[in-house]
Amino acid sequence: MVFEPSLSTDNTSDAPASPLVSCCSQVQIKHKGDRLLLVLPQEGETNLELPWSEVWQELKHLLKRREQSWQPETSVCLVAGDRLVDTRQLQTIAKTLREVELKLTTVSTGRKQTAVAAATAGYSVEQNNRANLSPFISHGQPNSTESLAEPLYLQQTVRSGVEIRHAGTIIVCGDLNPGGVIIAAGDIFVWGRLRGVAHAGARGNRKSRIMALQMEFTQLRIASTVARSPQNLPHSLEPEVAFISNQGISLARANDFTKTRLFSPSEDSWVRTNN
Amino acid sequence: MSRIIVVTSGKGGVGKTTITSNLGAAIATLNRKVALVDADFGLRNLDLLLGLEERVVYTAMDVIAGECRLAQALVKDKRLNGLVLLPAAQNRSKESVEPEQMKTIITALAKGYDYIIVDSPAGIELGFRNAIAAAQEAIIVTTPEIAAVRDADRVIGLLEAEGVNKINLIVNRVKPQMIEEKKMMSVEDVIELLGVSLIGVIPDNELVIVATNKGEPLVVGHKDSLPAIAFHNIAQRLEGEKVPFLDFTSGDSNILNRLRRMFGG
Ligand SMILES: Nc1ncnc2c1ncn2[C@@H]1O[C@H](COP(=O)(O)OP(=O)(O)OP(=O)(O)O)[C@@H](O)[C@H]1O
Ligand SMILES: [Mg+2]
């Protein structure tokens, strides 16, 4: 058997009341053909509607981070769904998009008022009822094995006060600072120091892993399992992987992980290989 | 080209106003024209620290309301040529100022000065957004405490989202003794976490409080004191000069450090 310095962290059973935050309760940007879709959070996904000011802040953050991933003057379709967007908010979105050389051309909405506001402002309107939105929005269901969104690639350190949610895997080229939170339906890679809170497999996938060059987390969550930072444990200077073993969340050296661990569907956790 | 710099921190009481006034004075001694803007509406005290309180007639609010011209509201410092203050209103609600209005006056002010330094209020609400509205660069102030550093990190993220990417860091109230005893975060720890470039370290020093109470910037009254040298060095670094960082890690007993301080600082 291969020696593996796997250390089980301090697992707490008191998982937070709603760890499986819907991955769709935030602004998303997706490529579709030669245009971009800007998907606003949907009312139905979470019980509470995200206030406009936060939607806008999130949008601005998102655009700043993703600036490099499109051609200038790409046209954007705003997928508002059942969310009400008034004339002023449309103007704000258009202005924010213009600042990063994107062009709002189309508004897709299920609400008549929004459609009217958009048409009045001179945008093309696609009126949709909710069912038609499904190609744009993946409806999160705990434990579902549905396909994930394309990975979200962040080129910046995630700083205190920032919470990033994504319906797929998240890759951070930078640190995750204390006070920062990353929630992914898939895996989480931090090419830097992980010092904040990371939640992988947020829709219930126990196979999800969290990897970091330096694991100095405040808290890790995978599916509905939670691990707090062990108190007096020296931090490893090597890249590590966090995963669900039969003892809860464990850490292993990244170098050894793929050689020594295998996901066992029957045990619903990562087990040691026998070579 | 003038530079518009906002001094901000997130957390309150870490030394933004102290740094704005002393740094402004230090830059003025380098024969630069400096305008300090108090953006802490309702809780102004930059005028107090500069000893200019009794000379305030109009404020930024009066300029915004069109009740006076910008030039009328500026208070000139008698001791330092080229240093002026645009005071904030004390009585009016800060909710009545909008970022766009702040941007307009600060941009207008920039025409006549080499440096515009804006003293931001604590927090990340409207007052903060007003203070950063016109800024091209920022000086983040923190003390070596976890809560202050956490807030500084948050503010850096907000500044980056607003497109203010030139960000320098000042670590204030550093106590070398405590760092040596590992009771305080070191400056290196702070830089490592925040990932922005360091422009100055200011020791915790009672002269700072003495100067505050007198309404007299340190570079005027205590020119040769350690904190005054620290401010002077920051001013030079802003001017693009390479000035080694002060080493106040060990006490005065260490001759080598004292020499290093004399020549390097
Ligand atoms: N380096 C220092 N050494 C000793 N005292 C200091 C130092 N820097 C600041 N202080 C003291 O700390 C207190 C707060 O400073 P200051 O008012 O500049 O903070 P601030 O960040 O502007 O606060 P606010 O957020 O309320 O505007 C003052 O009493 C000041 O004299
Ligand atoms: Mg202040």
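**Close-up views of a two-chain model**

**Figure 1. The largest pocket holds about 1500 Å³ of space.** The model is a predicted one, in which local features need pLDDT of at least 70 and side-chain atom pairs pLDDT 80 or more, while totals for chains, interfaces and linings use all residues. Residues are numbered from 1 along each chain as written, chains are lettered from A and ligands numbered from 1 in written order, and side-chain values use heavy atoms, without hydrogens or water. A pocket is an open set of points on a 1 Å grid over the protein atoms alone, with protein on both sides within 12 Å along at least five of seven lines, and its lining residues have an atom within 4 Å of a point; points join across faces, edges and corners, and the volume is the space filled by probe spheres set on them. The lining of the largest pocket consists of 43 residues, and those that lie nearest its centre are W56(A), Q57(A) and K60(A) from one chain, with R129(B) and E162(B) from the other. Two or more lining residues come from each of α1 (52-66), α2 and β9 (163-166) in chain A, and from each of α5 (99-110), α6 (126-132) and α7 in chain B; these helices (H or I, at least four residues) and strands (E, at least two) are DSSP runs numbered from the N terminus. With eleven residues, α1(A) gives the largest share of this lining.

**Figure 2. The largest cavity has a volume of about 130 Å³.** A search of the whole structure finds six cavities of 30 Å³ or more, a cavity being a set of points where a 1.4 Å probe fits but cannot get out. The largest cavity is lined by 13 residues, and H61(A), R65(A), Q156(A), T157(A) and V162(A) are the ones that lie nearest its centre. Both α1 of chain A and α7 of chain B supply at least two residues each to this lining.

**Figure 3. Four aromatic residues of chain A are linked by ring pairs into a cluster.** Over all chains, the whole structure contains three aromatic pairs. One of them joins F243(A) and F257(A), whose rings are tilted, with 4.8 Å from centre to centre and 50° between the planes. F243(A) belongs to strand β17 (residues 240-245) and F257(A) to helix α4 (residues 254-260), so this pair ties together parts of chain A that are 14 residues apart in sequence. Both phenylalanines are buried (under 20% relative accessible area, with exposed over 50% and partly exposed in between, for a 1.4 Å probe and protein chains only). The rings of F263(A) and W270(A) have centres 5.4 Å apart and planes at 70°, so they form an edge-to-face pair. Rings of Phe, Tyr and Trp (its six-membered ring) pair if their centres lie within 6.5 Å, and planes under 30 degrees apart are stacked, over 60 edge-to-face and the rest tilted. F263(A) is buried at 17% relative accessibility, and W270(A) is likewise buried, at 8%.

**Figure 4. Helix α9 (residues 187-194) of chain B has four named buried residues, V187(B), V190(B), L193(B) and L194(B).** They cover an arc of only 135° around the axis, taken from the directions to the C-beta atoms, which puts them on the same side of α9(B). The elements that cover these buried residues include β6 (137-142), α7 (146-161), β7 (166-174) and β8 (197-203) of chain B. Just after the helix, G195(B) takes a positive phi of about 65°.

**Figure 5. Q89(A) is a buried residue in helix α2 of chain A.** Its relative accessibility is 13%, and, leaving aside residues up to four places away in sequence, Q89(A) touches W52(A) and L84(A), a contact being heavy atoms within 4.5 Å. Chain A as a whole has four helices and 20 strands, and buried residues make up 53% of its 275 residues.
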